[in-house]
Amino acid sequence: MQQDILESCLIQSPEQAMALLNPLRADIVSRLAEPASAAELARQLQETPQRMNYHLKALEKTGLIRRVGTRQVRNLVEVLYQSIAKTFVLAESLSLSEETIERLKEHGSLAQLITTAEQMKKDAVHLMEHAEKGEDIPSATMQLLIPLQDQNARQAFIEDYVEMMKALTCKYAGALEQDGKAAAMYQVMLAIYPKTDKGE
């Protein structure tokens, strides 16, 4: 049922760009890297199936997602949708205002944050299954609160982080093989977003 999708798609249509401005629709597109039905997405996003169908039809009309098949669930036939690409890049020819471009970047980052969190959750569950079988699964987590006053501070933090990761990568890149054995690969992720109070 799953179809090959593009790694990246150049957005040249204002209609597609505006669709991605909607936080919920951007989230839906990011979740459709794999086929899913309106009912599945509604459960994930805690929305009604009717509202989800409305947004899916609107996204399908813009060409950002497509129908890839159907599935029988009890007495119902569910339509499966899939995104046309994993990531989207805005074409310069769109001539969007700086404010609109910033909003697109922000919503795109939030959608990616959700996708990353879901991937980490899936990976953790998979690794826990191996740990229950007695396998040694080394892992580490770190959570920090950092005061970043404005856009300049946020950008400086990201640049410092990237430089630090480049240095670490260079330091450990030579360890791909040790004693003739391939070294275990570890995944490192960074997420940065405003702290929210519970209940917000």
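Contact is taken here as heavy atoms within 4.5 Å. Helices (H or I, at least four residues) and strands (E, at least two) are DSSP runs, numbered from the N terminus. The structure is a predicted model, in which local features need pLDDT of at least 70, side-chain atom pairs count only at pLDDT 80 or more, and totals for chains, interfaces and linings use all residues. Residues are numbered from 1 along each chain as its sequence is written, and side-chain values use heavy atoms, with hydrogens and water left out.

The chain holds 6 helices and 7 strands. From the N terminus, the order of elements is β-α-α-β-α-α-β-β-β-α-α-β-β. Accessibility was classed by relative accessible area: buried is under 20%, exposed is over 50%, and partly exposed lies in between (1.4 Å probe, protein chains only). By this scale, buried residues form 22% of the 200 residues in the chain. Among contacts with a separation of 6 or more, 65% join residues 24 or more positions apart.

The helix packing was examined next. Two packed helices are described by the angle between their axes and the distance between the axes. Axes are lines fitted to C-alpha atoms, for helices over the stretch in contact, and angles run from 0 to 180 degrees between N-to-C directions. Angles under 35 degrees count as roughly parallel, over 145 as roughly antiparallel, 65 to 115 as roughly perpendicular and the rest as oblique. A crossing is left-handed if the near helix is turned anticlockwise from the far one by less than a right angle, and right-handed if clockwise. For residue classes, Ala, Val, Leu, Ile, Met, Phe, Trp, Tyr, Cys and Pro are nonpolar; Asp, Glu, Lys and Arg are charged; the others, Gly among them, are polar.

Helix α3 (residues 38-45) packs on helix α4 (residues 49-62) at an angle of about 115°, and their axes lie 9 Å apart. The two helices are therefore roughly perpendicular. Their crossing is right-handed. On the α3 side, the contact uses A38, L41, A42 and L45; on the α4 side, P49, M52, N53 and L56. The residues of this α3 with α4 contact comprise 7 nonpolar, 1 polar and no charged.

Helix α2 (residues 23-31) also packs on α4. The axes of α2 and α4 come within 11 Å and cross at roughly 75°. This pair, too, is roughly perpendicular. From α2, the residues in contact are L24, R25, I28 and V29; from α4, they are R51, M52, Y54, H55, L56, A58 and L59. The α2 with α4 contact divides into 8 nonpolar, 1 polar and 2 charged residues.

The remaining pair described here is α2 with α3. The axes of α2 and α3 come within 11 Å, crossing at roughly 120°. The pair is therefore oblique. The crossing of α2 past α3 is right-handed. L24, D27, I28 and R31 of α2 meet L41, Q44 and L45 of α3. This α2 with α3 contact has 4 nonpolar, 1 polar and 2 charged residues.

I28 of helix α2 was then considered on its own. I28 is buried, at a relative accessible area of 0%. Not counting residues up to four places away in sequence, I28 touches L41, L45, M52, H55, L56 and L59. I28 and S83 are 55 residues apart in sequence, yet their C-alpha atoms are 8.8 Å apart in space.

Q16 is a buried residue of another helix. Q16 lies in α1 (residues 14-21), and its relative accessible area is 11%. Leaving aside residues up to four places away in sequence, Q16 touches I11, T62, G63 and L64.

Q46 has a positive phi of about 55°. Q46 sits in the loop between α3 and α4 and is exposed, with a relative accessible area of 74%. The phi of R74 is likewise positive, near 55°. R74 is placed in the loop between β3 (65-73) and β4 (76-83). R74 is exposed, at 76%.

Cysteines were checked last. A disulfide is defined as a pair of cysteine sulfur atoms within 2.5 Å. A search of the whole structure finds 0 disulfides. C9 is buried, at 12% relative accessibility. C170 is exposed, with a relative accessible area of 64%.
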